[in-house]
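Grab a pencil and open the viewer.

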Amino acid sequence: MNQILTSRQSKLTKFTALILLFTFTLTSCGSRKDIIYFQDEPISDQNLLSTRYEISYKTDDILTIDVSALDADAVRPFVLPTVSYGNNNPTSGINGLSAQGNVLRQTYLVDKDGNIEFPVLGTIKIGGLTRAEATTLLKEKISEYVTNPIVNIRLINFTVTVLGEVNRPGAYTIQDERISISEALGLAGDLTIYGKRNNIFLVREVDGQKKYAKYDLTSINVVNSPVYYLSQNDVIYVEPNNARVRQSSYNQNNGVIISAIATLATIAAILIK
């Protein structure tokens, strides 16, 4: 009798080990290669990227440019008209429109060559210039026609995108034209518990070419990184850790695992009898 029980217990032990092995196999079948973004891109030399937080204008930037002076009549030719809107649809100008209050303001689009078309002055190249540099350039040109002009430039489509293991992934429009990696992650609700703090990925376009860099938030030195401050259209990706990858694999195979365990448990119960 003892030999029979011992034999059954031995078979049960083998089936238990089989169940565990089968479960481990199913839950381990997912790989990081199936889950992680941007796996095959080389990381650029971060020191080659900008170390200043003041942005420079790029292709497809949309700007509002306000020009004023004591002599309102003299400055009027340099100011694009605004379009009131109510029940009627406004008519767009050649540069575009930006809604503010109950009017739509004309905007300037930086073209592929870095130029804008400005009233009276014609084609002006501002691509690659900072706001201060572009403001100085326009003031100098307008000063040929107007005494002491005041120029105010604002970028209205400064957007950064945050993806991956954050609580609120998405694209965020920035109002003040200055944002750090820490602030961008704050807008996205911070990292989830599954985000890798030491492997956050940056994609940035520089002179028409994609550049790549990484952050390590576990180090205080991240604040000294050349890419600590972001540029318009930057993409931030928070890589999931191994626990998230395993969880993803488990969720995909959950039904299969339960069914398999139930079948093996039934076989084991029969053997015990």
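**Exercise 1.** Where does D111 lie relative to strand 5 and strand 6? Then work out whether D111 is buried, partly exposed or exposed.

*Solution.* Keep in mind that you're looking at a predicted model.
- Step 1: find strand 5 (108-109) and strand 6 (115-118); D111 sits in the loop between them.
- Step 2: check the accessibility. D111 has a relative accessible area of 30%. Buried means under 20% and exposed means over 50%, so D111 is partly exposed.
- Step 3: look at what the side chain does. One of its polar atoms lies 2.9 Å from the backbone nitrogen of D113.
- Step 4: look across to G127, 16 residues apart from D111 along the chain. The two C-alpha atoms are separated by 8.6 Å.

**Exercise 2.** Now take another aspartate, D234: is it buried or exposed, and which side chain does its own side chain join in a polar contact?

*Solution.* 
- Step 1: D234 is also a loop residue, between strand 12 (209-215) and strand 13 (235-240).
- Step 2: its relative accessibility is 0%, so D234 counts as buried.
- Step 3: the side-chain partner is R204, with a polar contact of 2.8 Å.
- Step 4: list the neighbours. Leaving out residues up to four places away in sequence, D234 touches T159, V160, T161, L202, V203 and R204.

**Exercise 3.** Check the length of helix 4 (residues 131-142), then work out which of its residues are buried and what they pack against.

*Solution.* 
- Step 1: pick out the buried residues of helix 4, which are A134, T135, L138 and I142. They cover an arc of only 100° around the axis, so they're on the same side of helix 4.
- Step 2: recall the geometry. An α-helix has 3.6 residues a turn, so residues three or four places apart point the same way.

**Exercise 4.** Which residues have the most contacts inside the largest nonpolar core?

*Solution.* 
- Step 1: this core has 43 residues, and the ones to find are I65 and F118.
- Step 2: zoom in on I65. Beyond its neighbours within four places in sequence, I65 is in contact with Y108, I116, F118, L138, V151, N152 and I153.
- Step 3: zoom out. Of the chain's 273 residues, 34% count as buried.

Conventions:
Residues numbered from 1 in each chain as written. Predicted model: local features only at pLDDT ≥ 70, side-chain atom pairs only at ≥ 80, totals over all residues. Heavy atoms only, no water. Core = buried A, V, L, I, M, F, W, Y, C linked by side-chain atoms within 4.5 Å. Buried < 20%, exposed > 50% of the residue type's maximum accessible area, 1.4 Å probe, protein only. Contact = heavy atoms within 4.5 Å. Helix = DSSP H or I, 4+ residues; strand = E, 2+ residues; numbered from the N terminus. Polar contact = N/O pair within 3.5 Å; in protein donor to acceptor, adjacent residues only side chain to side chain. Expected span 1.5 Å × (residues − 1). Arc of directions from axis to C-beta.
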